[in-house]
Amino acid sequence: TARKTGTRKSAGTAAKAAGKSEPAPATELEVRNPATGALAGTVPIDTADTVAAKVRELRAHQPAWEALGPDGRKEWLLKLQDWLVDNTDRLADVLQSETGKARVDSLIDPAFSVDLTGYYARRAAKFLADEHPSPHSPLARVKQLTTVFRPYQVVGVITPWNFPLAMPVIDVIPALAAGAAVILKPSEVTPLSAVELARGWREIGAPPVFEVVTGAGETGAAVVGNADYIQFTGSTATGRKIAAACTERMIPFSLELGGKDPAIVLADADLDRAAHGIAFGGLFNAGQVCISVERVYVEAPVYDEFLAKLTAAVREIRQGVDGRKPEFDMGALANENQAQIVQRHVEDAVKAGARITTGGKRTGVGTLFEPTVLADVDHTMSCMTEETFGPTLPVMKVADEAEAVRMANDSIYGLSASVWSGDKDRAERVARQLNAGAVNINDVFANMFSFALPMGGWGLSGTGARWGGANGVRKYCRQQAITKPLL
Ligand code: ADP
């Protein structure tokens with residue numbers, strides 16, 4: 001997903017004072033609003049040494065945190081939830097300043113974070129309770145058999161830029177709830193929201209078991225080199241490097257990677273609902289969502305009618321640079337590199353014969369790219385095979401349901417998908433044939449807001465333990481078996 005590092009600011013004055021001609025290595029990262037170019041803030045670049053020192057500190061404090069038990073930890077997590085509620089507007093300000101998002105999109109992270117924190121604060125005790133395997137086991141006549149869930153000491157969480165608060169929260173909270181200490185390395189493009197989250201943890205006076213480190217890939221690599229478990233969300237290319245580094249250290253990891261989510265519109269679908277749902281699914285957060293709709297397959301008999309409705313729905317989107325008042329539906333892309341990827345996918349498609357029915361270019365302001373519909377696309381085009389992560393909806397005509405399934409499954413990714421049909425049972429039959437970690441019927445994103453469901457990708461979209469439900473917290477635990485004589 002994010003491909004560009006934050007701008008490095010070298011310690012030039014120090015270098016000059018020392019009379020050196022070589023610029024000293026960068027010590028800070030500048031974070032800029034991609035919509036306006038305004039400086040949003042600076043953060044230090046944590047070196048391998050500072051990361052190692054912070055992990056040592058966390059390791060020292062973790063046993064007391066574990067010893068509090070789920071109920072003791074719940075108190076702190078609920079205090080953090082209150083803090084998130086009390087600070088929602090300020091958190092949205094910070095997030096907006098580092099992303100250039102529309103105001104409505106900037107409020108999603110605080111809202112999601114409040115809900116997810118409450119969910120895990122209240123349910124962790126149940127999810128982590130000891131289990132006593134089947135009493136039918138002959139051994140259970142002489143022994144008490146117990147499965148215990150004990151946390152890893154230090155969990156490393158490495159996150160991308162598309163949801164600078166929600167992506168950290170979705171992993172940091174369950175890991176803390178499990179009793180682990182957490183070291184978080186947010187994206188260098190958008191580190192400020194994560195720094196705020198750590199500030200919140202300090203402000204409520206919670207035990208020092210959560211730290212943020214900032215910097216680019218080298219800082220992330222230092223987290224991988226020191227933590228006991230790695231949870232990574234980001235691009236497939238970086239995920240592959242992290243998997244290799246974790247394997248070398250023999251530590252477990254879980255990866256949430258890219259996606260190229262298909263939407264299948266069957267001829268019996270409510271086309272108005274499908275057009276609006278898919279417009280939202282493709283354009284929410286300017287398309288910078290791992291589970292964005294990135295490919296649309298429409299059965300031939302309704303192709304033209306659906307395309308007209310989708311184009312009309314997309315033309316309704318108001319785009320611009322928002323202030324605190326929500327005037328627009330869509331804002332900027334997170335960085336210049338991202339805008340160029342979107343442009344390349346659109347241009348490649350047009351060269352290969354695709355038709356733009358609306359949008360198709362940059363607006364001329366910051367990294368803003370017009371909401372775009374591409375018609376008559378096929379799988380020879382990069383817009384149908386590579387992750388775009390932008391406000392484009394490529395639409396392809398398919399002969400029938402079987403071809404739609406075949407095309408949807410023709411991808412290296414398998415994150416989520418949607419099926420649109422007037423016959424919900426038919427749609428479910430289609431859903432069960434798709435290679436995807438989640439399928440929403442006549443909807444988008446619904447699985448993501450149902451915290452009890454497993455969330456995670458198939459294929460190159462991810463591997464390891466899933467988000468959600470009991471799994472979302474147990475993944476941060478080692479299982480321990482205890483046998484105890486009954487008499
Ligand atoms: P995106 O943000 O687009 O998903 P990446 O996958 O490159 O982009 O980055 C995701 C996160 O991984 C960022 O926080 C980034 O700094 C971090 N990162 C990049 N390279 C490495 C690496 N070799 N080891 C650990 N973390 C890394």
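Predicted model: local features only at pLDDT ≥ 70, side-chain atom pairs only at ≥ 80, totals over all residues.

Me: So which residues does Glu256 touch, leaving out residues up to four places away in sequence?
Reply: Glu256 touches Thr233, Cys290, Gly456, Gly457 and Gly462. Touching here is being in contact, so the C-beta atoms of the two residues, placed from the backbone, lie within 7 Å.

Me: Ok, where does Glu256 sit?
Reply: Glu256 is in strand E9, residues 253-256. Helices (H or I, at least four residues) and strands (E, at least two) are DSSP runs, numbered from the N terminus.

Me: Buried or exposed?
Reply: Glu256 counts as buried, because it has 27 C-beta neighbours inside 10 Å. The rule: buried is 20 or more other C-beta atoms within 10 Å of a residue's own, exposed is 12 or fewer, and partly exposed is in between, with C-beta atoms placed from the backbone.

Me: What does UniProt list as "active site"?
Reply: The unreviewed UniProt entry lists Glu256 and Cys290 for that. Its positions are given in the numbering used here, feature names are shortened, and annotations may be inferred rather than shown by experiment.

Me: Why do those two gather at one spot?
Reply: They span 35 residues in sequence, yet no two of their C-alpha atoms are more than 8.9 Å apart, so they end up at one spot.

Me: And where's Cys290?
Reply: Cys290 is in the loop between helix H11 (271-283) and strand E11 (293-299). With 27 C-beta neighbours inside 10 Å, Cys290 counts as buried. Skipping residues up to four places away in sequence, Cys290 touches Glu256, Gly258, Gly259 and Leu415.

Me: New topic: which residues of helix H16 are buried?
Reply: In H16 (residues 424-431), the buried ones are Ala427, Val430 and Ala431. They cover an arc of only 100° around the axis, so they're on the same side of H16. That arc is taken from the directions from the helix axis to the C-beta atoms.

Me: What do they pack against?
Reply: The buried residues of H16 pack against strand E10 (261-265), helix H15 (401-408), strand E16 (416-420) and strand E17 (438-441).

Key
Residues numbered from 1 in each chain as written.
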